[in-house]
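Reader: Could you walk me through this one, with the cut-offs spelled out as we go?

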Amino acid sequence: MSTYAIMFDLDGTLTDPKPGITRCIQFALSELGYRPPDADELHWCIGPPIKDSFSLLLKTSDDTVLEQAISLYRSRFATIGLFENFLYPQIPETLDAIRFASYKIFVATSKPHIYATRIIEHFGLSSLFNGVYGSELDGTRSVKADLIYHILVTEQLSPSHVVMVGDRKHDMIGAKHNHVTAIGVTYGYGTEEELKTHGADLIAHSPDDIPKLLVHDYVTSQN
């Protein structure tokens, strides 16, 4: 039987990245000559691929303009914005409980994996994960469905024995595309309605709900 594994989104699921992401977007827009929105008006940018967010913010699909915006964003994010975030309460304890139950745990984020790895290290969580997966800087695997498929193949995981945990519709859509059970979390940046509409099988209102739901899902699958 295949090993049971849990994939965690990063932004809005393990950490609250609002200060870093919103400040870096504001910086990029300012450098391009635009008046940036307030941070509270940029919540919707937390989770999706950053190129998609800039495309909507700048109302363009021009790759040259979008790459310039992303370059400016990353110039601040790589040095400052990366660490302008914090762990949600109970995350270390939640991960410990899942590890103790012998699940493998992976990070599955649209954020470039070089940044995701540094963030996990910054919070002292590296030992709790079997792997940290993200996109490439050129945008490869920034679509969550592609990323989840890549992890399934690389780690030789059976979709029926995998759970994806995330806070936005992209996580739920990616999970369903790969026939993976989806747990939506409401303490991040997506609403319960958004999560359920896009395929969440179970809902967690706090991190410590997640291990309980995993037990529920395991028991249900055995019956």
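**Contacts, sheet and cores**

Reader: Leaving aside neighbours within four places in sequence, which residues is glutamate 84 in contact with?
Author: With those neighbours left out, glutamate 84 is in contact with Pro17, Pro19, Gly20, Arg23 and Arg76, where contact means heavy atoms within 4.5 Å. Please keep in mind that this is a predicted model, in which local features need pLDDT of at least 70 and side-chain atom pairs count only at pLDDT 80 or more, while totals for chains, interfaces and linings use all residues. Residues are numbered from 1 along each chain as its sequence is written, and side-chain values use heavy atoms, with hydrogens and water left out.

Reader: And where is the place of glutamate 84?
Author: Glutamate 84 sits in the loop between α3 (63-77) and β3 (86-87); helices (H or I, at least four residues) and strands (E, at least two) are DSSP runs, numbered from the N terminus.

Reader: Why does glutamate 84 count as buried?
Author: Because its relative accessible area is 15%, and buried means under 20%, with exposed being over 50% and partly exposed in between, for a 1.4 Å probe and protein chains only. Its side chain also has a polar contact of 2.8 Å with that of arginine 76. A polar contact is a pair of N or O atoms within 3.5 Å; within protein, one must be able to donate a hydrogen and the other to accept it, and residues adjacent in sequence count only if both atoms are side-chain atoms.

Reader: Which side chain has a polar contact with aspartate 16?
Author: That of tyrosine 189, at 2.6 Å. Aspartate 16 lies in strand β2 (residues 15-16) and is buried, with a relative accessible area of 11%. Beyond four places in sequence, aspartate 16 is in contact with Asn85, Phe86, Tyr88 and Tyr189.

Reader: How many residues apart in sequence are aspartate 16 and phenylalanine 86?
Author: They are 70 residues apart in sequence, yet 5.4 Å apart in space from C-alpha to C-alpha.

Reader: Switching to the sheet: what is the order of its six strands?
Author: The open sheet runs β5-β4-β1-β6-β7-β8 with parallel pairing, and two strands pair if DSSP finds at least two bridges between them. Its edge strands, each pairing on one side only, are β5 (131-135) and β8 (202-204).

Reader: How many bridges join β1 to β6?
Author: Four bridges join β1 (residues 5-8) to β6 (residues 162-166), and alanine 5 has valine 162 as its bridge partner in β6. On the sheet packs helix α6 (residues 144-154), which touches β1, β4, β5 and β6 and makes about 145° with the direction of β4; axes are lines fitted to C-alpha atoms, for helices over the stretch in contact, and angles run from 0 to 180 degrees between N-to-C directions.

Reader: Which residues have the most contacts inside the largest nonpolar core?
Author: Ile25 and Phe54, in a core of 50 residues, to which α3 gives the largest share, six residues. A nonpolar core is a set of buried Ala, Val, Leu, Ile, Met, Phe, Trp, Tyr and Cys residues joined through side-chain atoms within 4.5 Å. Apart from this core lies another, of 19 residues, including Leu147 and Leu195.

Reader: Finally, what percentage of the chain's 223 residues count as buried?
Author: The figure is 51% of the 223 residues.
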